[in-house]
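Please read these notes with the structure open beside you, and take the points one at a time.

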Amino acid sequence: MIVISEPGNAHDCAAWMGRVIEACRDAIATEENRLCDLDRAIGDGDHGTNMRRGLEALASERQRLSAMPFAEAMIAAGTILVMNIGGAAGPLYGTLLLEIGKGLSIDGLEFPQVFQKAVTAVAQRGRSSPGDKTLLDVLYPLSDELTKHTHPQRLAGKVQGFADMTIEMKALRGRASFLGERSVGHMDPGAASCALLAATVCRELTEAGVA
Ligand SMILES: [Mg+2]
């Protein structure tokens, strides 16, 4: 996921893509056990492992991806994630990147609009809404912040709070929904990985001076 406020920055972003992918892979590898623990509490315990696999696959292709125009790279990265993350998260993260890539190819759309459309596509793919205790509970507020042109540095400090909001939610989608009320009191693992990735991308963009 790339967070930019001006479409003109898209090509600059592509130049840093390899570094962003590495940073995301490292962040997920560091947090793999925590993500698995979160998933063990309300699911089947494989989310950290699935995400690590997906980000390692992405990282192994980073040179090829960095050489592509940004929109094409997002589509290719989405395809890699669908094939390698597995579980419920693969198609959702994959859809997000694929739709960002497609949206960037449409003339006249600014990045916040592109992101908003991509988040709507993820919601449709998962047949979920915000409040269902999924990664959408991070993506929707993130999209709102992008629309407000919140600086990535500030956003990096805010996204964990979005994931924290899922602790008090009752799961309405996925395996966790079978637990009903017992899902309350646990952070959604998808929201946790999504916040981690968003914060990582925001920090990399800030450091690179892209945004
Ligand atoms: Mg799982």
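1. The crossing of helix 3 and helix 5 is right-handed, and this, like everything that follows, is read from a predicted model. Two packed helices are described by the angle between their axes and the distance between the axes. Here helix 3, which covers residues 47-60, and helix 5, which covers residues 70-85, pack at an angle of about 140°, while their axes are 8 Å apart. Since only angles over 145 degrees count as roughly antiparallel, helix 3 and helix 5 are therefore oblique to each other.

2. Which residues of helix 3 and helix 5 meet? On the side of helix 3 they are Asn50, Met51, Arg53, Gly54, Ala57 and Leu58, and on the side of helix 5 they are Ala77, Ile80, Leu81, Asn84 and Ile85. Sorted by class, this contact of helix 3 with helix 5 has 7 nonpolar, 3 polar and 1 charged residues.

3. A search of the whole structure finds 1 aromatic pair. A pair of aromatic rings is described by the distance of the centres and the angle of the planes. For phenylalanine 111 and phenylalanine 115 the ring centres are 6.1 Å apart and the planes stand at 40°, so the pair is tilted. Both residues belong to helix 7 (residues 111-125), and because they are 4 residues apart there, about one helical turn separates phenylalanine 111 from phenylalanine 115.

4. Are the two members of this pair buried or exposed? Phenylalanine 111 has a relative accessibility of 1% and therefore counts as buried, and phenylalanine 115, with a relative accessible area of 0%, is buried as well. The cut-off needed for this step is that buried means under 20% relative accessible area.

5. Lysine 133, in the loop between helix 7 and helix 8 (136-147), has a phi near 70°, which is a positive value in a residue other than glycine. Histidine 149, in the loop between helix 8 and helix 9 (152-164), has a phi near 60°, again a positive value in a residue other than glycine. As for accessibility, lysine 133 counts as buried because its relative accessibility is 1%, whereas histidine 149 has a relative accessible area of 41% and is therefore partly exposed.

6. Threonine 134 also lies in the loop between helix 7 and helix 8, and its relative accessibility of 10% is why it counts as buried. Where do its contacts lie, once neighbours within four places in sequence are left aside? Threonine 134 is then in contact with Ser128, Thr166, Arg173, Asp188 and Ala191. From threonine 134 to proline 189 there are 55 residues in sequence, but 7.9 Å in space, taken C-alpha to C-alpha.

7. Leucine 38 is found in helix 2, which spans residues 17-42, and with a relative accessibility of 17% leucine 38 counts as buried, because the cut-off is under 20%. If neighbours within four places in sequence are left aside, leucine 38 is in contact with Met187, Pro189 and Ala192. Leucine 136 stands 98 residues from leucine 38 along the chain, and the C-alpha atoms of these two leucines are separated by 17 Å.

Note on methods:
Residues numbered from 1 in each chain as written. Predicted model: local features only at pLDDT ≥ 70, side-chain atom pairs only at ≥ 80, totals over all residues. Heavy atoms only, no water. Axes fitted to C-alpha atoms, helices over the stretch in contact; angles between N-to-C directions. Helix = DSSP H or I, 4+ residues; strand = E, 2+ residues; numbered from the N terminus. Parallel < 35°, antiparallel > 145°, perpendicular 65-115°, else oblique. Left-handed = near helix turned anticlockwise from the far one by under 90°. Contact = heavy atoms within 4.5 Å. Nonpolar A, V, L, I, M, F, W, Y, C, P; charged D, E, K, R; others polar. Phe/Tyr/Trp six-rings, centres within 6.5 Å; stacked < 30°, edge-to-face > 60°. Buried < 20%, exposed > 50% of the residue type's maximum accessible area, 1.4 Å probe, protein only.
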